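Here are my notes on this model, for you to read beside the coordinates. Please keep the sequence open as you go.

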Amino acid sequence: MLTTLARKEIREILPLVIVALLLQIYLVCAATGANLGQLAWILRVLMSRTDNNIPFVGDLYCTAMLVVAGLLAVAVGLWQTLCEVNRGTVQFLLHRPVQRQEVFAAKLLVGVAACLVVAVLPLLYYAVWASTPGSIAAPFDWSMTTSTWIVCLQMPLLYLAAFLSGLGEGRWLGSRALPLAAGLLLLVVLLLGQSLEMWVVCGGLILLLL
């Protein structure tokens, strides 16, 4: 039964995952210097990249990949819960001859796996490319990717925050949105921490709290 439930979840979130993977492939191709043809103008407008930029060190492409992964995590978490609640299928699933833990386990396993695939694979390929001799005109060490991996591994947490908000029964302007807001705030802080000084991040947090 767990396998059947997992197939159902995969089938429902597959379009979201495909769109996110296509965006990640586009970003990876742009970051590694692949010929994008007429599509390249989009990134030239959004970000400027020179030959002196070093991958994973103030790299806007890494930030863009992490943003795509974060958006997918939120979309999947809400899709698996909010859509079920709105369609009234949550009660149907929970009253099937299967334990409640298996229903949520199937959702969580598929959701976390999707988030990790979309977040990890593009960045891993980008890191392998950057570590290959001759790819960039600068020294590269895998320790330079540490901060990026820290942010990357927060995607399941962001997914769980969206999942919890989707299951909530309160008002969106009240307690229901708190888990998602906390997850998004954490992601923003981590993304800013890659390129800004810590005092800037702390100052932003203070302003938000006020």
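This is a predicted model: local features need pLDDT of at least 70, side-chain atom pairs count only at pLDDT 80 or more; totals for chains, interfaces and linings use all residues.

The points below go from the overall fold to the aromatic rings.

1. The secondary structure is quickly told. The chain holds 9 helices and 0 strands. Its order from the N terminus is α-α-α-α-α-α-α-α-α.

2. Next, contacts along the chain. Take the contacts with a separation of 6 or more: 75% of them join residues 24 or more positions apart.

3. Burial and surface go together here. The chain has 210 residues, and 38% of them count as buried. Its accessible surface is about 12100 Å². Carbon and sulfur atoms contribute 70% of that surface.

4. Now the rings. The chain has 5 aromatic pairs. One of them is Phe140 with Trp142: the ring centres are 6.2 Å apart and the planes meet at 70°. Edge-to-face requires over 60 degrees, so this pair is edge-to-face.

5. Which residues do ring pairs link into a cluster? They are Phe56, Tyr126, Trp129, Phe140 and Trp142. The edge-to-face partners Phe140 and Trp142 both belong to this cluster.

6. Are Phe140 and Trp142 buried, partly exposed or exposed? Phe140 has 19% relative accessibility. The cut-off for buried is under 20%, so Phe140 counts as buried. Trp142 has a relative accessible area of 40%. That value lies between the 20% and 50% limits, so Trp142 is partly exposed.

Technical notes: Residues are numbered from 1 along each chain as its sequence is written. Side-chain values use heavy atoms; hydrogens and water are left out. Helices (H or I, at least four residues) and strands (E, at least two) are DSSP runs, numbered from the N terminus. Buried means under 20% relative accessible area, exposed over 50%, partly exposed in between (1.4 Å probe, protein chains only). Contact means heavy atoms within 4.5 Å. Accessible areas come from the Shrake-Rupley method with a 1.4 Å probe; for residues, only the protein chains shown count as cover. Rings of Phe, Tyr and Trp (its six-membered ring) pair if their centres lie within 6.5 Å; planes under 30 degrees apart count as stacked, over 60 as edge-to-face and the rest as tilted.
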